[in-house]
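This briefing concerns the fold, the packing and selected residues of one protein chain. Please consult the sequence and the model shown here alongside the points that follow.

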Amino acid sequence: LVRALANLGANAAEAGAGCVRFVGSRENGRELLEVVDDGPGLPALAQENLFRAFAGSARAGGTGLGLVIARDVARAHGGDLVLVESRAGGTRFRLDIPADEGS
């Protein structure tokens, strides 16, 4: 999970975000972690292909694998990674996994 979050933060920084925030909460037995940045937003084509291998990169030289791998990691933990919104003022992703009831 750390690698998935690091990937989201690195993507935001590479896209020009000056600030990346990680906001966590717990809801209905789920851990929710939102990754929010103040970058320029994702182009429409990139948004359409975010979670498709080799198709979702928004930058030259990108492989388009980072978000695919991040989502696979989330799903391996019984959760998911989704794009909540992306606009000119920033982008927000949500990582949702089952809560560890022991904590």
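Asn 28 is exposed, because its relative accessible area is 76%, where exposed means over 50%, buried under 20% and partly exposed in between, computed with a 1.4 Å probe on protein chains only. Asn 28 is found in the loop between strand 1 (20-27) and strand 2, and it has a positive phi of about 50° although it is not a glycine. Most residues other than glycine have a negative phi. The model is predicted, with local features requiring pLDDT of at least 70 and side-chain atom pairs counted only at pLDDT 80 or more, while totals for chains, interfaces and linings use all residues. Residues are numbered from 1 along each chain as its sequence is written, and side-chain values use heavy atoms, with hydrogens and water left out.

**Overall architecture**

- The protein has three helices and four strands; these are DSSP runs numbered from the N terminus, with helices (H or I) of at least four residues and strands (E) of at least two.
- From the N terminus on, the order of elements is α-β-β-α-α-β-β.
- Of the 103 residues in the protein, 31% are buried.
- Among contacts between residues at least 6 apart in sequence, 50% join residues at least 24 apart, a contact being heavy atoms within 4.5 Å.

- Four strands form an open sheet in the order 1-2-4-3, with antiparallel pairing; two strands pair if DSSP finds at least two bridges between them.
- Strand 1 and strand 3 (80-87) stand at the edges with a single partner strand each, so one side of each has no neighbour in the sheet.
- Neighbouring strands of this sheet are turned against each other by 20° on average, direction ignored; axes are lines fitted to C-alpha atoms, for helices over the stretch in contact, and angles run from 0 to 180 degrees between N-to-C directions.
- Strand 2 and strand 4 pair in the antiparallel sense over eight bridges, and Val 35 stands opposite Phe 93 in strand 4.
- Strand 3 and strand 4 run antiparallel and are joined by seven bridges; they form a hairpin with two residues between them.
- Within this pairing, Leu 81 stands opposite Leu 95 in strand 4.

**Helices against the sheet**

- Helix 1 lies across strand 1, strand 2, strand 3 and strand 4, and runs at about 15° to strand 2.
- Helix 3 packs on the sheet and touches strand 3 and strand 4, its direction making about 135° with that of strand 3.

**The nonpolar core**

- The largest nonpolar core has 12 residues: Ala 4, Leu 5, Leu 8, Val 35, Leu 50, Leu 67, Ala 70, Ala 74, Leu 81, Phe 93, Leu 95 and Ile 97. Such a core is a set of buried Ala, Val, Leu, Ile, Met, Phe, Trp, Tyr and Cys residues joined through side-chain atoms within 4.5 Å.
- At least two residues of this core come from each of helix 1 (2-15), helix 3 (66-76) and strand 4 (90-98).
- Leu 8 lies in helix 1 and is buried, because its relative accessible area is 5%.
- Apart from neighbours within four places in sequence, Leu 8 is in contact with Val 35, Leu 67, Leu 81 and Phe 93.
- Leu 8 and Gly 66 are 58 residues apart in sequence, with a C-alpha to C-alpha separation of 8.1 Å.
- Ala 74 touches Gly 79, Asp 80, Leu 81, Leu 95 and Ile 97, residues up to four places away in sequence not being counted.

**Arg 71 and the aromatic rings**

- Arg 71 is found in helix 3 and counts as buried, because its relative accessibility is 16%.
- The charged end of Arg 71 sits over the ring of Phe 51, 3.7 Å from its centre; the criterion is NZ of Lys or CZ of Arg within 6 Å of the ring centre and within 35 degrees of the ring normal.
- Leaving aside neighbours within four places in sequence, the contacts of Arg 71 are Phe 51, Asp 80, Leu 81 and Val 82.

**Pro 43**

- Pro 43 is found in the loop between strand 2 (30-37) and helix 2 (44-48).
- Pro 43 is partly exposed, because its relative accessible area is 44%.
- Pro 43 and Ser 86 are 43 residues apart in sequence and 8.6 Å apart in space, C-alpha to C-alpha.
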